[in-house]
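Let's take a friendly walk through this model, starting with a pair of strands and ending with aromatic rings and charges. Keep the structure open beside the text as you read.

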Amino acid sequence: MALSRRQLIAAAAVGGTVAALGMPASRAEDRVLGTDEFRSLATRGYNRRFEARPAKIFVPTGAEEVRRAVAEAVAGNSPIAARSGGHCFDDFVDNDRTRSIIDLGRMNAVFWDERHRAFSVDAGADIGGVYQALHRWGVTVPGGICLGVGMGGHVCGGGYGPLSRRFGLVADHLAGVEVVTVDAEGTAKVVVATADGPDRDLWWAHTGGGGGNFGVVTRFLLRSPESDGADPAHALPKPPRSMLSARLIVPITTEDSFVRLLTNYLGFFEHHSAPGNEFAGLYAPLMIRTTGTGAAEMLILFDAETPHARARYDEFVATVSDGVFPPPILTPLTELSYADTVNQVYYAKGVNTTRVKVKAAYLRAAYSPDQLRVFYRYITDLRFLGESQLEFLPFGGAINAVAGDATAMPARDSFMKMLIHASWRLPSDDDRYVRWAREMYRDVHAETGGVPVPNETYGGSYINYPDPDLADAEWNTSGLPWHAFYYGGNYRRLLRVKAAVDPGNVFQHRLSIGRPDW
């Protein structure tokens with residue numbers, strides 16, 4: 001049911017909003033958001049399949065305002081969801097159950113915190129803003145390639161991107177986290193949990209345990225494990241001075257050419273997946289769109305400081321292109337500074353206008369030719385032309401140098417992520433596109449119950465690409481619970497953290513730690 005105009009206006013007259021605007025508390029009744037402004041905040045989620053219908057939206061500017069917002073929601077028995085960038089693929093925020101959204105979009109500061117000897121990054125900051133802010137110190141984090149994604153969910157799920165094969169996950173550089181939790185008495189409090197402090201378990205839970213599980217993160221403290229924090233210029237990785245970039249475009253006209261391309265590509269990264277390998281500076285995501293005949297495009301990014309970088313780039317292109325017909329089209333190779341690569345080559349911020357369903361898997365070994373033929377059959381289905389795509393995202397390298405239980409994210413022995421990204425525009429097409437994605441995923445993983453059961457071939461999946469189907473016996477016939485795919489053996493520890501810091505199960509969603517009440 002849509003909210004009335006009175007509900008829309010009244011919903012915005014809340015303490016967090018007032019505090020965010022710097023208005024005295026005594027004037028709270030004087031400030032309400034207009035209907036259009038409220039609707040804009042309510043609908044700024046990425047996936048148009050899901051619509052938020054909150055009674056209140058809090059827009060705080062600091063941790064204390066977040067604490068007050070959480071306290072008000074708890075006192076009113078109003079289910080809470082926090083939003084940073086708004087890019088969650090599923091309905092963890094935008095659903096009929098959530099009544100109070102804590103929108104962190106105005107919390108986007110990045111600064112050096114002398115007390116904690118770490119970079120303080122607000123949860124509402126987007127990846128692009130973080131890169132830009134850190135540039136003044138000559139450092140960076142190995143975050144994502146999509147510049148508009150918010151740090152709040154990105155870091156909590158692990159966080160990876162073009163530099164991760166060199167520097168690991170963003171979570172590997174997480175020294176601490178500031179989070180608003182709710183105790184057994186229903187009292188909201190601000191906790192700073194660090195890697196070496198008394199709340200270490202809460203810190204650990206945020207190194208890949210997923211967002212929306214333990215409280216509302218207000219900021220992250222970022223510092224690499226090998227740094228003592230004495231100098232901010234050495235507290236995080238130094239980015240490459242410059243990067244090589246090009247695009248490889250492959251018009252796939254036959255099933256055989258598709259299988260050859262994917263076999264070459266997956267085989268290359270499987271072979272070069274060890275930490276410190278000579279291609280650790282290479283990131284080359286492959287995207288195959290549903291264009292009827294199939295069209296693949298690969299963005300190639302290579303750290304130009306890699307020894308013999310140009311020769312290694314040529315070797316990669318030759319290996320991937322070998323035997324593929326018609327031959328791939330290669331755009332001219334360019335070399336840009338790291339900052340210019342981020343600004344000109346990484347994916348720009350924007351507003352998504354499509355409806356989405358995603359399904360993902362970690363690969364420990366390459367898909368077989370028969371499995372690749374299943375992908376080909378679905379990706380070239382003429383009934384699904386448009387904006388959907390099959391993606392492969394290189395993993396491994398430095399990511400795999402960390403023990404599987406050192407962080408909450410256990411998949412530290414995979415070399416690739418596979419992502420089915422179904423995308424369409426009309427609500428009337430929801431059922432058929434969702435089924436297309438589900439059936440493709442099921443058929444590719446038919447030998448393991450329709451899902452990537454962690455074994456010698458698969459490493460499960462990535463919580464930042466959430467898929468509630470893993471908790472549905474219709475689509476997961478493996479007998480394994482959903483959390484085995486995202487957390488493996490780390491789930492027991494996550495349950496203990498959840499029981500300790502959120503005993504009332506205030507923070508929950510469809511794949512939350514513990515058992516959701518809905």
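Strand β15 pairs with strand β17 (residues 416-424) in the antiparallel sense, over nine bridges; two strands count as paired if DSSP finds at least two bridges between them. Helices (H or I, at least four residues) and strands (E, at least two) are DSSP runs, numbered from the N terminus. Within this pairing, Ala360 stands opposite Leu419 in β17.

A word on the basis: this is a predicted model, in which local features need pLDDT of at least 70 and side-chain atom pairs count only at pLDDT 80 or more, while totals for chains, interfaces and linings use all residues. Residues are numbered from 1 along each chain as its sequence is written, and side-chain values use heavy atoms, with hydrogens and water left out.

Strand β15 is mostly covered, as nine of its nine residues are buried. Buried here means under 20% relative accessible area, exposed over 50%, and partly exposed in between (1.4 Å probe, protein chains only). Arg355, Lys357, Lys359, Ala361 and Leu363 point one way from β15, while Val356, Val358, Ala360 and Tyr362 point the other way.

Arg355 belongs to β15, which spans residues 355-363, and is buried with a relative accessible area of 11%. What does the side chain of Arg355 join through a polar contact? The partner is the side chain of Asp430, at 2.8 Å. A polar contact is a pair of N or O atoms within 3.5 Å; within protein, one must be able to donate a hydrogen and the other to accept it, and residues adjacent in sequence count only if both atoms are side-chain atoms. Not counting residues up to four places away in sequence, Arg355 also touches others (contact means heavy atoms within 4.5 Å), including Asn47, Arg49, Trp424 and Leu426. The C-alpha atoms of Arg355 and Leu426 are separated by 7.7 Å, although the two residues are 71 apart along the chain.

Thr140 sits in the loop between α5 (127-135) and α6 (151-156). Thr140 is buried, with a relative accessible area of 1%, and its side chain makes a polar contact of 2.9 Å with the side chain of Tyr338.

On to the interior. A nonpolar core is a set of buried Ala, Val, Leu, Ile, Met, Phe, Trp, Tyr and Cys residues joined through side-chain atoms within 4.5 Å. The largest one has 147 residues, of which Phe258, Phe316, Tyr367, Phe375 and Phe392 touch the most other members. Helix α9 (residues 255-271) gives the most to this core, with eight residues. Apart from it lies another core of nine residues, among them Phe38, Leu41, Ile57 and Val93.

The structure holds 29 aromatic pairs. Rings of Phe, Tyr and Trp (its six-membered ring) pair if their centres lie within 6.5 Å; planes under 30 degrees apart count as stacked, over 60 as edge-to-face and the rest as tilted. Two edge-to-face pairs are set out here.

| Pair | Centre to centre | Angle between planes |
|---|---|---|
| Phe268 and Phe279 | 4.9 Å | 80° |
| Tyr367 and Phe392 | 6.5 Å | 75° |

Tyr367 lies in the loop between β15 and α12 (369-379) and Phe392 in strand β16 (residues 389-394), so their pair ties together parts that are 25 residues apart in sequence. Both Tyr367 and Phe392 are buried.

Finally, the charged end of Arg493 sits over the ring of Trp204, 4.0 Å from its centre; this requires NZ of Lys or CZ of Arg within 6 Å of the ring centre and within 35 degrees of the ring normal.
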